Amino acid sequence: MKMKTEETIKLIKYVTGSVAAVLLAAALQLQFAYAAGIITLLTIQDTKKETVRITAKRMIIFVIMTILSAVIFPFAGYHVWAFGIVLIPYLFSCMALDMKEAIAPIAVLCTHYVSAKSCSPSMILNEFLILVIGAGIGTLWNLYMPDGRRQLLDYQKTVDDKIVYILHRMAIYIELEDKTDYTGSCFDELDAMLVNLKKEALRYMNNHLITEDDYYYEYMQMRARQCVILKRIYADIIRLTTTPEQGKALADFIRQTADEFEEQNNVETLLSELERLHRYYEQQPLPVTRQEFENRSMLYHILEDMKAFLDIKKDFITAR
């Protein structure tokens, strides 16, 4: 099975980081040197922020575990029952502080106190250095991350292209009376694309430690809100039983929206055109039959939803 570039890089980090941690711990003549390599393995995460967050949690939990060990083991003895007694408040602390990720590696360090039958200052320093070396090398190795921007841009373009396709399709079916083959399967595809875009946007955002670049995450949210509007428009289109004369002007406007669907478009021109279309509708003769009234009402509702669709984009551009 072909591995992705980021998976290959992560595998290299696992191997080289773990070996480096063990070698450094052994060079310092620390007991249980191989534990440093295991901690490095557990430290390397998918993003820089996640790596730093987990490292900070483990440092805090290490202090709690060491205090518990230093208090309980000398009195209860260095055996399995005493280890169980330490685990009770230790696990409670991990759960209460939402630090479940720290449970396993720090518990391993706790077993070293039992194996060495000592909680002396030198033994505590030994375990602290193992943690610092393992977590430190894992964090240092993870400072290099593939930028991921190219893949993110690919996902973004895929989402935008799908929305353009949906808009063009809407413009066609507003003017068609036969809508039997007009299904909403394209929205299932768009939803899946938005999930991928969100995943990549979060990864990209969490790989910036100093400044939080949330542009692509906000962009994803903007498109997701527009997708909700498009689903409402689709529901109105399939309820159209006839094609009123006014439908062509609305279809043309939706085509124009699709043709001008650009990332940096502030949609001011489109909103002006929509206002002109709104005035055109107001000047039309009132509907005569109930069917004409219902279909004209749905066209008007679609027009209002198109305004909401464009306002979402306008707010996004203004906020940037």
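These legends accompany close-up views of a predicted model.

**View A. Helix 4, end to end.** Let's begin with the length of helix 4, which covers residues 80-96. How far apart are its end C-alpha atoms? They are 24 Å apart, and this agrees with the 24 Å that 17 residues should span at 1.5 Å a residue. Just after helix 4 comes Asp 98, with a positive phi of about 55°.

**View B. The bend in helix 4.** Move along to Leu 87, where helix 4 bends by about 25°. A proline follows within four residues of this position, namely Pro 89.

**View C. The buried residues of helix 4.** Which residues of helix 4 are buried? They are Ala 82, Phe 83, Val 86, Tyr 90, Ser 93 and Cys 94. Their packing partners are helix 3 (48-76) and helix 5 (103-116). A bit of helix geometry is handy when looking at this view: an α-helix has 3.6 residues a turn, so residues three or four places apart point the same way.

View D. The model has 14 salt bridges, and here is one of them: Arg 255 with Glu 175, whose closest N and O atoms are 2.7 Å apart. This pair links distant parts of the chain, since Arg 255 belongs to helix 10 (residues 247-259) and Glu 175 to helix 7 (residues 149-175), 80 residues apart.

View E. Lys 231 has a relative accessible area of 33%, so it counts as partly exposed. Asp 191 is partly exposed as well, with a value of 27%.

View F. Lys 248 and Asp 252 bring their side chains together in a salt bridge, 3.0 Å from N to O. Both residues lie in helix 10, 4 residues apart, which is about one turn of the helix. Lys 248 is partly exposed, with a relative accessible area of 47%, and Asp 252 is partly exposed at 33%. Which residues do salt bridges with shared partners join into one network? The network consists of Glu 175, Lys 248, Asp 252 and Arg 255.

Key. Residues are numbered from 1 along each chain as its sequence is written. This is a predicted model: local features need pLDDT of at least 70, side-chain atom pairs count only at pLDDT 80 or more; totals for chains, interfaces and linings use all residues. Side-chain values use heavy atoms; hydrogens and water are left out. Helices (H or I, at least four residues) and strands (E, at least two) are DSSP runs, numbered from the N terminus. The expected span of a helix is 1.5 Å times one less than its number of residues. The bend at a residue is the angle between axes fitted to the seven residues ending there and the seven starting there. Buried means under 20% relative accessible area, exposed over 50%, partly exposed in between (1.4 Å probe, protein chains only). Contact means heavy atoms within 4.5 Å. A salt bridge is a side-chain nitrogen of Lys or Arg within 4 Å of a carboxyl oxygen of Asp or Glu.
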